[in-house]
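Let's take a walk through the charged side chains of this one. Have the model open and follow along.

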Amino acid sequence: INLEISDIQKAKLDFARRGESIADWARKNGFNQQLVYKVLSGKSRALRGECHAIAVKLGLKIPNRLLFK
């Protein structure tokens, strides 16, 4: 399942609405800052690993455990 551009844009707008930086969100959630930017820029398909976890936490993807029941 690929990330939708509109979902990524919504996630970015959510940061702006909350007044929270992407870097702060990454630190607060224990994620690598560069990987968060990679997911939000669409450069990562977030298929597995930390990028996938970031996409799930941002609400961009469904957790694998729910997909493969």
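E20 forms a salt bridge with R18, with 3.1 Å between the closest N and O atoms. A salt bridge here is a side-chain nitrogen of Lys or Arg within 4 Å of a carboxyl oxygen of Asp or Glu. E20 also forms a salt bridge with K28, and there the closest N and O atoms are 2.9 Å apart. Put together, R18, E20 and K28 are linked in a network of salt bridges.

Before going further, a word on what you're looking at: this is a predicted model, where local features need pLDDT of at least 70 and side-chain atom pairs count only at pLDDT 80 or more, while totals for chains, interfaces and linings use all residues. Residues are numbered from 1 along each chain as its sequence is written, and side-chain values use heavy atoms, with hydrogens and water left out.

Now, how much of that network can you see from outside? E20 counts as buried because its relative accessibility is 16%; the cut-offs are under 20% relative accessible area for buried, over 50% for exposed, and partly exposed in between, using a 1.4 Å probe and protein chains only. R18 is partly exposed, at 48%, and K28 is exposed, at 60%.

Helices are DSSP runs of H or I with at least four residues, numbered from the N terminus. R17 forms a salt bridge with D14, and their closest N and O atoms are 2.7 Å apart. R17 has 63% relative accessibility, so it counts as exposed, whereas D14 counts as partly exposed because its value is 32%. By the salt-bridge rule, the count comes to 4.

Finally, find K61, in the loop between α4 (49–57) and α5 (64–67). Look at the backbone instead: the oxygen of A46 lies 2.9 Å from a polar atom of the K61 side chain. The backbone oxygen of R45 lies 3.4 Å from a polar atom of that side chain.

Definitions and conventions
Helices (H or I, at least four residues) and strands (E, at least two) are DSSP runs, numbered from the N terminus. A polar contact is a pair of N or O atoms within 3.5 Å; within protein, one must be able to donate a hydrogen and the other to accept it, and residues adjacent in sequence count only if both atoms are side-chain atoms.
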